[in-house]
Amino acid sequence: MARIVAVTMPVAGHLFPFVPICVELQRRGHDVAIGLGTWNGGSVVVPGIETFPISLATPDHRALEGDKPRWAQLPTAGAFASYGEPLAERLREIMERENPAFVLIDPKLWGAMALAEAKRVPWAIVAHNPLFFRGLGVDPRGPGWPPPRTLAARLRRRLLRFAMNLETQEHLAEVNRVRKRLSLPPFMRLDELYTSPPLVLATTAEPFEYPRSDWPASLKFVGPMVWDTPDEEPFIPDSADPRPVILVAGSTIAPEPRFAGWAEAVLDALSDEPFRVVATLPSERLRTVPGGPARPERKPFSHMSILPHTSCVICHGGPGIVQKALWYGVPVVAVPFAYDRFEVARRVVISEAGVMLSAAELTPVAIRAAVRTAMLRAEGAARVGTQFRAAGGAPAAADAIEAQLT
């Protein structure tokens, strides 16, 4: 069987989608390892899977340009460059040492993608964020605006696209500098990072995407990769407590200071509501609200154990927790405050699987209304969940990889 190497980062939102695929490939007899781009030389243990660190220079993730809106901010060219030539060189060393038959790459690590393309080794990316494909009037990165339906909306979208293109020119130049050194043709647009791979494994399904018919042939929808770390405590429902369970799920990445208290605002707003509120927060502390003030505990529940018993999820709009919730048919209140979460939240609305709530308007009245509205959209969430599961998950991803191998 084949030696397969995956390359990603030791951040839950990036690592977790790779694990079920690697486990499935290993179950089929392949020799699988995960290389984790770490910035301090350490390593992360993934139970049952061989891992090794890939040392990189520390990128300045927090170095953002100016005072632009959060959705428009990008890492500085220096931070973006840290995923380029250094990682291309690291992957070159890995390929010489490991001699992989196939390489699975995080799309954030564009330097590794360029090296795989140059070496002509079979490779693919695991696209675990909103798909970066333009088409049919849709530009997938932005403030979570709905697809344009009117002339004014189309004009606004074009102006936004023009502004975003200007923002990416420095980053595009860095990508093309590395590609030139590897004797690869230049990219005309940054979204070619998603169109150049021979295989794109999208951890979503079409019902959770804007309707369109021009997806590239390299794209394979495989549905969410639902996985929890094995050290998390299972949730045991209380048969004597008939109240609906509301899960407040925080990000593994701390929000900017002005939104740092969003989860506390939600807990306060729901403290007197007829719900059993449970919150898994970035600090890995568990808070339960039994009908009064929040009470901290230090044993986080596994999402996979609590979601089957949950009536609504309130979260930051991260693709991981949103897709987990919808996999189980649980409607979502998405409160985006950074990065691509605005687009994730918009997809929640478009698919009628929940609601989007502005992080700048987290009033108790708005929070309670959003939860009740989302719970009325359980049918839409269940529909998306059915399509997520039908996409095939890790077995479908492994099938696509094996097709490339043969």
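1. The buried residues of helix H11 (buried meaning under 20% relative accessible area, with a 1.4 Å probe and protein chains only) pack against helix H10 (319-327), strand E13 (332-334) and strand E14 (354-356). Contact here means heavy atoms within 4.5 Å; helices (H or I, at least four residues) and strands (E, at least two) are DSSP runs, numbered from the N terminus.

2. This is a predicted model, with pLDDT of at least 70 needed for local features and 80 or more for side-chain atom pairs, while totals for chains, interfaces and linings use all residues. Numbering starts from 1 along each chain as its sequence is written, and side-chain values use heavy atoms, leaving out hydrogens and water.

3. H11 spans residues 341-350 and is largely enclosed by the rest of the structure, because 8 of its 10 residues are buried. Among them are Arg-341, Glu-343, Arg-346 and Arg-347.

4. Glu-352 follows H11 and has a positive phi, near 60°. Its side chain forms a salt bridge (Lys or Arg side-chain nitrogen within 4 Å of an Asp or Glu carboxyl oxygen) with Arg-383, at 3.8 Å, N to O. Glu-352 sits in the loop between H11 and E14 and Arg-383 in helix H13 (residues 378-390), so the pair ties together parts 31 residues apart in sequence.

5. Arg-3 and Glu-50 form a salt bridge at 3.3 Å, N to O. The pair joins strands E1 (residues 3-8) and E3 (residues 50-55), so parts 47 residues apart in sequence are tied together. Arg-3 and Glu-50 also belong to a salt-bridge network with Asp-31, Arg-97 and Glu-98.

Key:
Buried means under 20% relative accessible area, exposed over 50%, partly exposed in between (1.4 Å probe, protein chains only).
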